[in-house]
Amino acid sequence: MILGKTYLGSTEIQKVYLGSDVVYEAGGGGTELYGDDNAASPSDLDSIGATTGGYRWSASGSTIESTNLDAYDGTYSLLLTTTGTGASYAQYRVLATSGKDYKITFRYKVDSYNTQRFRVIGGFTTSQTDALTSTTWQEFTTTVTSSTTGSVSFYFYSGFFGNIGDELWVDQMSIIELN
């Protein structure tokens, strides 16, 4: 714990030293877009386990719930569970600006790898699908460029035409608008 927090935001750290060596120096930073105080927040200390922040989280073919059964940090994490045999996902929406870059970072784990995925489709200059395979907490980071001004979505698949009951856990999510 540093400064009474389990997580420090990008504007709170300028340099990190290992002895006299600088091992991290903050760059231009950016604007954090994941401002919701919920189970996937970088700091869920004040969270009562809420799974939604305004209209941003929604699910299709899966449930999305806050759970205190396991978390990367803090008390809560989001648990997505597949309820059907089709594409089962939760999506998170943000407002984007065409031409800007967005860095998405989150911690995740799966119960057992079947077809869990993270997808960026529509509204970006390129689409991508990444398999989420770790059964222990793992950091995932990617940077994408928006081709749209308006609402865009990031998709978290607990099942990609997989098995009913497949799970995807998400914690410490961050979406930073870089430029």
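Figure 1. β8 (101-110) and β11 (138-145) run antiparallel and are joined by eight bridges; two strands pair if DSSP finds at least two bridges between them. Strands are DSSP runs of E with at least two residues, and helices are runs of H or I with at least four, both numbered from the N terminus. The model is predicted: local features need pLDDT of at least 70, side-chain atom pairs count only at pLDDT 80 or more, and totals for chains, interfaces and linings use all residues. Residues are numbered from 1 along each chain as its sequence is written, and side-chain values use heavy atoms, with hydrogens and water left out. The chain has zero helices and 13 strands.

**Figure 2. β13 and its antiparallel partners β8, β6 and β3.** Eight bridges hold β8 and β13 together in the antiparallel sense. Along this pairing, T105 stands opposite S174, and Y108 has V170 as its bridge partner in β13. β6 pairs with β13 over four bridges, with L80 opposite L168. Strand β3 (residues 31-32) is joined to β13 by two bridges, and T31 stands opposite E177. Ten of the eleven residues of β13 are buried, so the strand is largely enclosed by the rest of the structure. Buried means under 20% relative accessible area, exposed over 50%, and partly exposed in between (1.4 Å probe, protein chains only). β8 is mostly covered as well, with eight of its ten residues buried. Over the 179 residues of the chain, buried residues make up 45%.

**Figure 3. The largest nonpolar core, a set of 28 residues.** Such a core joins buried Ala, Val, Leu, Ile, Met, Phe, Trp, Tyr and Cys residues through side-chain atoms within 4.5 Å. W57, F106, F118, F154, F156 and M173 have the most contacts inside this core. Two or more residues each come from β6 (77-82), β7 (87-96), β8 (101-110), β9 (117-120), β11 (138-145), β12 (150-160) and β13 (167-177). β8 gives the most, with five residues. In soluble globular proteins, nonpolar side chains tend to be buried together.

**Figure 4. F118 and the residues that it touches.** Leaving out residues up to four places away in sequence, F118 touches I104, F106, Q128, T129, D130, L132, F140, T142, F154, Y155 and F156. Contact means heavy atoms within 4.5 Å. Across the chain, 70% of the contacts with a separation of 6 or more are between residues 24 or more positions apart.

**Figure 5. Aromatic rings linked by pairing, from F106 to F156.** The cluster consists of F106, Y108, F118, F124, F140, F154 and F156. Rings of Phe, Tyr and Trp (its six-membered ring) pair if their centres lie within 6.5 Å; planes under 30 degrees apart count as stacked, over 60 as edge-to-face and the rest as tilted. The structure holds 14 aromatic pairs. One of them joins Y72 and W137: the ring centres are 6.3 Å apart and the planes stand at 65 degrees, so the pair is edge-to-face. Y72 lies in the loop between β5 (62-67) and β6, and W137 in the loop between β10 (128-131) and β11, so this pair ties together parts that are 65 residues apart in sequence. Y72 counts as partly exposed at 35% relative accessibility, whereas W137 is buried, with a relative accessible area of 18%. The rings of F106 and Y108 have centres 6.3 Å apart and planes at 65 degrees, so this pair is edge-to-face too. F106 is buried at 0% relative accessible area, and Y108 is buried at 5%.

**Figure 6. K109 with its charged end over the ring of W169.** The distance to the ring centre is 5.1 Å. A charge sits over a ring if NZ of Lys or CZ of Arg is within 6 Å of the ring centre and within 35 degrees of the ring normal.

**Figure 7. An open sheet of five strands in the order β4-β7-β12-β9-β10.** The pairing is antiparallel. β4 (57-60) and β10 stand at the edges with a single partner strand each, so one side of each is left without a neighbour in the sheet. Neighbouring strands are turned by 20 degrees against each other on average, direction ignored; axes are lines fitted to C-alpha atoms, for helices over the stretch in contact, and angles run from 0 to 180 degrees between N-to-C directions. Four bridges join β4 to β7, and A59 has A90 as its bridge partner in β7.
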